[in-house]
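Dear colleague,

Please find the structure below, handed over for your own work. After it come my notes on what was found, with the cut-offs given where each term comes in.

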Amino acid sequence: MATQGGPTGRELDQQVLQCLEATLSPEEGRRRGAEEQLKTLYHHPEGGLSLTRIMGDHSVALAQRQSAGILLQKYIAQHWYPGADAYTPPTTPAEVKDAVRPLLLQSLSDPESKIRSAAAFATSTVARFDWPEDWKDLLSTLVSMLQTGQPAAVHGAMRVVTEFVKNDLSEDQLLPVVRDLVPALLSILGNTEHTYLTRADTVAVYRHIITMLNMVKDEHPAAVRQALDQMAPVWFSAFSQLLAVDPAAEVAANWDSLALRIQIFRVMLTFQGAFPKYLSPHVGTFLRAAILNLTSLLPTFFKYYISNDPDAPDPPAPAPDAAYTAKMDMDDLACAIFEFMEPVVRVPAAKELLISNEGGQERGTAIMETIVGLVLNYTQVTREQEDEWLEDANAFVEDEDEDNIVYSLRIIGHDLMGSLIDKYGRPVGVIINDLAKRRVHESSDAHSRGEATWWKPLEALLGLIGGIADDVRGILEDDALEKRPNTFDLAFFFDQVIPGLLQQSSALFLQGRAFVFASQFAGALPPNVAQQYLGAAIVALEAPDTSVPVKISAVKTLRNFCRFVDASVMGPEAPRVLSLLLPILPEASNETLYLVMETVYAVLSLDKERLTADVVRTVCGAVWEQWMKNLTDPVLTAIVEEIVDALASSPLQSVVDTTTAFFAPRIAELILTPTTEDTVYVPGEAVQLANALIKPRPGPLGGDFISSVTASIITLLRGTDDMDVIQHGMIHLTLVVRKDCDSLIAWHAPDGSNGIACIFGLLGRFLAPTFSETGGVFVGDLIMHMFRKAGGAIAPVLGDLLRAIVQRLATATMPSFIQSLVIPFAYLFGTEYTEQTLELLSSFPPVTMADGTQRPALDLVLQAWCEQADTITGSWNIRVSDLGLGKLFALPAPQLRNVTVQGDMVVDERNRNRIMTRSRTRSTPTTYTSVPFPVKALKLLLKDVSAEGSGKKKGGAAYDGEIEEDDGDDDWADDDPLGSAGEDEFAFLSDWLDAGGGGENDAQDDDEDLKTDPLAQIDMGEHITNVLRQCYASNCNGMQEMVDALSDQEKGILRGVLTV
């Protein structure tokens, strides 16, 4: 097919039609030839126009028109707009675009729904590129089509609008949509001549509009308020009328009516999250509507989803057009209603419906009891779930994992109950307890009558109570503290219900649920009773004829026993349990494998002193086998690392030695094994496993470990370009330096270099200007700990090392990498090497920056440090930074006062009270003042003493007082540069000093190596306070004159420091 100077118009259309017809040929050669010819169509100037004409030509066969529509969608994505993700040249000529747009709009009214849908998809794609600048009449045309009331035109236009509003509309684009489109949508919503799916689409579009209004409400509050004041009341009125229609009768007449109700409840959920004030007056109306809908549809839900009657029907198939929307079935409606109710039941407007006050005691109302009953009824096991769970053990594990975040009716129902019981604990508890006893008796009667689904309500009940087990346990603890009768009668379940269910092999899922339920509340049982249930779970796991669902439930039970029961109950059974779990591993996969592995980890972590070397060797072998088989599975490898961590942290040296002896040689060999394209990930996983092996244990690690594992990692790091491997490799070297630096120095590579010298060689690579900043993000941590642990070994090359860091800092751009490079300097400044480090930096020649300019090395380090100090993370790193700042601030060094660094952000009309998005920051760059380094150091120290004093964590922590914004215009009214302080103005500092310091706690706080470092023994709040007091009293470096450069907030903090 010619592209340039070839056929045009109808002649081109005929050629395209012939090709389209040939693509449907059963002859492979002809079909492929036609497909190749069609590829050249995209390069013809009128290629897109020809496809558009054919798609809209009623005289062409439908199959060919559909094919043209599919090709047109691809054409537009690739050639319409040069900025599109899939763009490839050539670009559609402007005159062709002008001809295509009106033809697309015409096809939106085509009698064939498939053509309308294809045209709608193409139109919405073009609109994303062209509206409003190049397609000014699009919105008005779509609104006109919606207003015609003609089903085909409305359907086609709605298909466009549905996709159209999913785009990110600007404020200028959104307001015309609200003004012109929303009224047209409302008229379609109320018109029963249109299909339920089309009417549901109007509600979905309305929801998108509400979401967009929420996004711009902070910047355009008046316009958004005006729009909502006009829209919300009439839409809420329409919703209440539509929901008042009997849903059971409507669904019986047309299954698609569910889609409309689903979308209505989703809109109300959006309102509750974005504009709750508008929904608040209608909470009662819609809560009642939600309950009535679920109640009316319950018999239909049971027939289509729950019943095990052989004649029970499957849910009707969706309408053909439903393919363009999300699944819209009855379980989806229940999900939408539960999701709407979950936050709404907590608002004040709902309380009068849910709670009554009788004799000074709060009790749940009949409405609350109805909600609980509906949750129980709608969260029963469905027929589909039964079939799937029996066929696929992984699906059963995934659906029933209370820690797994999956979107299911049961999970959402339990979330609703969690919201209720969290807000109205005891009233909800009483209702659940009463309903539970009734449900037990009803299930027993149904069982006696031979009903096939007798077990489902009881299983749902146990699942619900188990799903809110934490809340139930909390209420029982409150009952005990307040010496009142138990809200939940757990004794009833464990005396009269659970024992019989554990033997109920005719109802597998109920039997399994009983095991899990017992484990969730085993902590509340006497030890001897808990031991009996534990024994029953072990027996179930041992028995060869136990069904898969029950075995899985038994594994969950054992995991829960590790979580909720004292180790004295589970500990003695650990070897036996492990002997049952490990043989399951080779046959398990995916979710089931995760469950068993997590249970192995839980058992190992329970009582580490009971482990023997033989058991550990068996565990290591089984775990290694699974790790090798599943190296590409991040979930599995993470669990294995946790297991290795648990073994390596054992208080028994024999366990640690056995674990290390097993894993170390295998890891070392794997790291050095040549990789292929299919195994390129192996070294990185091996390094992470090596880190898990040494991270929890104290030193020394031993020369054998370093000569095998660490040596292999050093060799790997010399040549790999895998950034993940490099990062984890640097973490490994840092751990080794911290835990056993002496053995590292004692070890020598084949070339005679010791371990520290080998690391220096790697640092030369990691600090090279061309080396990736992402890969080197942990290099500063490694260097700092080398300063801590190997000071004597690195002293001869300290100058060369610092010079290399400075040179890399000159071209660094990534904030986390810059922080990494700054921390080693901060550490040295905070130690006895303060002046030596200062002299070294002052002696270095100027450094060439990325833009070609030169900057003194000291200036560069201090400027980078001050720019990053506010965002340094980790309590140890913050401590290092503060000590270094304090040392330099108190040091009488003139060269420090000559260094200018970044001060405070300049606040003006361009950024005051505005959210600075990326686009705004690009057009209006943030600017800062410039101040001498000692002034900036003072500001940072004041901020940090405030954070320490108020117990806040660093990285955004700030003074917690109510101080007005400083606009820079206020003058001091007192001769004292600090003014005066009220007696209680800074009482928090005094309270904090009396209490012995702040409450920071993070992973670095728990690190044994760092906890024993002298630096960690320093009370940082008191230290900074003393530094500031001493400097102010002696006016060190002119500190009193610096006060004028402080904000009001900073002056207030300093005043508090000096007067505590």
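There are 36 salt bridges in the structure, a salt bridge being a side-chain nitrogen of Lys or Arg within 4 Å of a carboxyl oxygen of Asp or Glu. The model is a predicted one, in which local features need pLDDT of at least 70 and side-chain atom pairs count only at pLDDT 80 or more, while totals for chains, interfaces and linings use all residues. Residues are numbered from 1 along each chain as its sequence is written, and side-chain values use heavy atoms, with hydrogens and water left out.

One of these salt bridges joins Arg-101 to Asp-98, with 2.8 Å between the closest N and O atoms. The two residues, Arg-101 and Asp-98, are about one helical turn apart, because they stand three residues from each other in helix H5 (residues 94-107); helices here are DSSP runs of H or I with at least four residues, strands are runs of E with at least two, and both are numbered from the N terminus. Arg-101 has a relative accessibility of 7% and therefore counts as buried, where buried means under 20% relative accessible area, exposed means over 50%, and partly exposed covers what lies in between (1.4 Å probe, protein chains only).

In a second pair, Arg-363 and Glu-358 form a salt bridge whose closest N and O atoms are 3.4 Å apart. Arg-363 is partly exposed at a relative accessible area of 39%, and Glu-358 counts as partly exposed at 45% relative accessibility.

Patches are made of residues with over 30% relative accessible area and no salt bridge, like charges being joined within 9 Å and nonpolar side chains (Val, Leu, Ile, Met, Phe, Trp, Tyr) within 5 Å. Asp-387 is placed in helix H19 and is exposed, with a relative accessible area of 53%.

A nonpolar surface patch consists of Met-905, Val-907 and Tyr-928, which together have about 270 Å² of accessible area, as given by the Shrake-Rupley method with a 1.4 Å probe, only the protein chains shown counting as cover for residues. Val-907 sits in the loop between strand S5 (900-905) and helix H47 (918-923) and is partly exposed, at 38% relative accessible area.

As for the whole, the protein has 53 helices and six strands, and its C-alpha trace spans about 90 × 85 × 75 Å along the principal axes. Of the 1060 residues in the protein, 52% are buried.

With kind regards
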